[in-house]
Amino acid sequence: AGGDSLRLEFVDIHHRCARALLREVPFVPADGDDEASGGSEPTPTPHVLVVGCGRTGRDLIVLAARQWWRSHRTSGERFWVTVVDWHARSRLEGLRLRYPRLDDACEVLPLELDITSPDFERGDFLWGGDRAPAVTAAYVCLDNDSRSLSAGLALLARTRTRGIPIVVRMMEEAGLATLATGGGSNGGLRAFGVLGSVCRPERLFAGMHEVLARAIHEDYVAGRRQGGEITDDDPALADWEHLAPGLRESNLRQAADIFEKLRQVDCDLAPLTDWSAESFAFTVDEVERLAEREHVRFMRERLDGGWTYRPGPKDVIGKTSPYLRPWHELRDDEKELDRRAVRDLPLFLADVGLQIVRLPAAGSAPPPPRW
C-alpha cells in the first residue's frame with residue numbers, strides 16, 4: 001500500500017515451541033543436577049527420547065543437536081537420540097539431507113512404533129542397548145493431545161523410580177493435562193501448554209527483530225559473565241523479560257541495524273542449514289568499518305535519550321557514560337567492545353537459525369535462498 005507503516009514478520013510456532021521445550025526441560029542437566037544419581041556421579045552422556053517426529057519433534061532434534069555440536073565439536077563426542085514415530089526413518093533421512101552436521105552431533109536411533117503397541121508400553125527402548133545408555137530426558141511431541149498424554153503416562157509408568165524428566169507438548173496446559181501431571185510436579189511428568197507458553201500475543205507479535213534483539217542481549221550478558229563483570233544491581237544484565245523498556249529498545253534498535261550493517265559489506269542473512277557457517281568471518285577492514293558504524297549508532301541513540309559524557313564508570317541512573325566520544329578518541333580497548341560485537345554476529349545469529357552469506361558479484365551464480 002506504500003509508506004513504511006506495514007512490517008511483515010514470520011512466526012514459526014513449531015520452532016518456537018521446540019525452543020521453549022528445551023528451556024523447560026534442558027536435555028543436558030546442569031552439573032550436580034542429575035536426578036538419577038542424586039548429583040553424586042558425573043553427568044552421563046545425554047540420551048534424548050523424542051516421541052513424535054512431526055514439525056516440533058524435528059525442530060527439537062535439530063536445536064538440541066546444534067547446541068551439542070557447538071560445545072563438543074572439538075572433542076567429537078556425540079549424544080544419543082531415540083525417535084519413536086511411524087515414519088521415523090524417512091523423516092530422519094530428510095533431516096540429514098537438510099542438516100549435514102546432524103550425524104556429527106548425535107547418533108539417532110529410529111523406532112517405527114505405535115504408541116498403543118505392547119512394545120511401546122514395555123518401554124525396553126528406555127534403557128538403551130549394547131551401545132546407547134539409558135534415556136535421560138523424554139519429549140512427547142505428538143499432534144493429538146490425548147495421544148500425547150497417553151504416551152507420557154505410559155513412559156511415566158516405566159520411569160517413575162528413575163526420575164527421568166518427561167515433558168508432554170499439549171495445546172493447553174489445563175483440565176485433564178493438569179490433573180494427570182499433578183500441575184507439572186507428578187514425578188518426572190509435566191505438561192507444556194503451547195497456547196499459554198508460546199502463543200501469547202506478546203510473543204506472537206515479537207518478530208525477527210525481537211528474536212535478534214534477545215540474541216544480542218544474551219550474548220552481551222554471556223560476555224560480561226566471562227569477564228567476571230556480573231553485579232546484582234546492574235539493570236543491563238537482567239533477563240529479557242525483566243529488562244527495562246529503554247534497554248530493551250536499545251537492543252531492538254541494534255538488531256534492526258544488523259541488516260544495514262550487512263548491506264554495507266555486501267552480505268545478507270539466510271536460513272542456517274550448515275552449522276559450520278557460524279565460522280563465517282569478516283575481514284579486518286570490515287570489522288573496523290562495522291564497529292565504527294555501531295559506535296556511531298550507539299552514540300546517537302544515547303545522546304537522543306538524554307545521556308551525556310562523563311569519565312569514570314557508567315551511571316545508568318544518572319545517564320552518563322565514558323564511551324560517548326567520537327570513534328577516533330576512544331582507547332583501543334574501548335573500540336574492542338564494538339569489534340567483538342561485530343565478530344560475534346555469526347555466533348548469535350546461528351543461535352536463532354540464521355547465517356551470514358556474501359552476495360555474489362554481478363554476473364555470477366544466483367545467491368542461496370534469502371531469509
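Guide: A definition before we start: contact means heavy atoms within 4.5 Å. Helices (H or I, at least four residues) and strands (E, at least two) are DSSP runs, numbered from the N terminus. This is a predicted model, in which local features need pLDDT of at least 70 and side-chain atom pairs count only at pLDDT 80 or more, while totals for chains, interfaces and linings use all residues. Residues are numbered from 1 along each chain as its sequence is written, and side-chain values use heavy atoms, with hydrogens and water left out.

Visitor: Fine. Which residues in H1 meet H2?
Guide: On the H1 side they are His 14, His 15, Cys 17, Ala 18, Arg 19, Leu 21 and Leu 22. H2 brings Arg 55, Thr 56, Asp 59, Leu 60, Leu 63, Ala 64 and Arg 66. By class that contact has 7 nonpolar, 3 polar and 4 charged residues. Here Ala, Val, Leu, Ile, Met, Phe, Trp, Tyr, Cys and Pro count as nonpolar, Asp, Glu, Lys and Arg as charged, and the others, Gly among them, as polar.

Visitor: And at what angle do H1 and H2 pack?
Guide: About 55°, with the axes 8 Å apart. Axes are lines fitted to C-alpha atoms, for helices over the stretch in contact, and angles run from 0 to 180 degrees between N-to-C directions. H1 and H2 are therefore oblique to each other; under 35 degrees counts as roughly parallel, over 145 as roughly antiparallel, 65 to 115 as roughly perpendicular and the rest as oblique.

Visitor: What about H2 and H3?
Guide: H2 (residues 55-72) and H3 (residues 88-98) pack at about 45°, with their axes 11 Å apart. Their crossing is right-handed, meaning that the near helix is turned clockwise from the far one by less than a right angle. Arg 58, Ile 61 and Val 62 in H2 meet Arg 91, Leu 92 and Leu 95 in H3. The residues of that contact divide into 4 nonpolar, no polar and 2 charged.

Visitor: Further along, how do H11 and H12 cross?
Guide: At roughly 145°, with axes that come within 11 Å. The contact of H11 with H12 has 1 nonpolar, 3 polar and 10 charged residues. Among those in H11 are Arg 253, Asp 257 and Lys 261, and among those in H12 are Arg 289, Glu 294 and Arg 297.

Visitor: Changing topic. How many cavities of 30 Å³ or more turn up?
Guide: A search of the whole structure finds 1. On a 1 Å grid over the protein atoms alone, a cavity is a set of points where a 1.4 Å probe fits but cannot get out, and a pocket is an open set with protein on both sides within 12 Å along at least five of seven lines; lining residues have an atom within 4 Å of a point.

Visitor: Which element gives the largest share of the cavity lining?
Guide: H11, with 3 residues. The lining includes Gln 254, Ile 258 and Lys 261, along with Glu 294. About 70 Å³ of space lies in this cavity, a volume being the space filled by probe spheres set on the points, which are joined across faces, edges and corners.

Visitor: And what is the volume of the second largest pocket?
Guide: About 1,100 Å³. It is lined by 38 residues, of which Tyr 220, Arg 224, Phe 298, Lys 314 and Leu 337 lie nearest its centre. H10, H11, H12 and H13 each supply at least two residues of that lining, which divides into 17 nonpolar, 8 polar and 13 charged.
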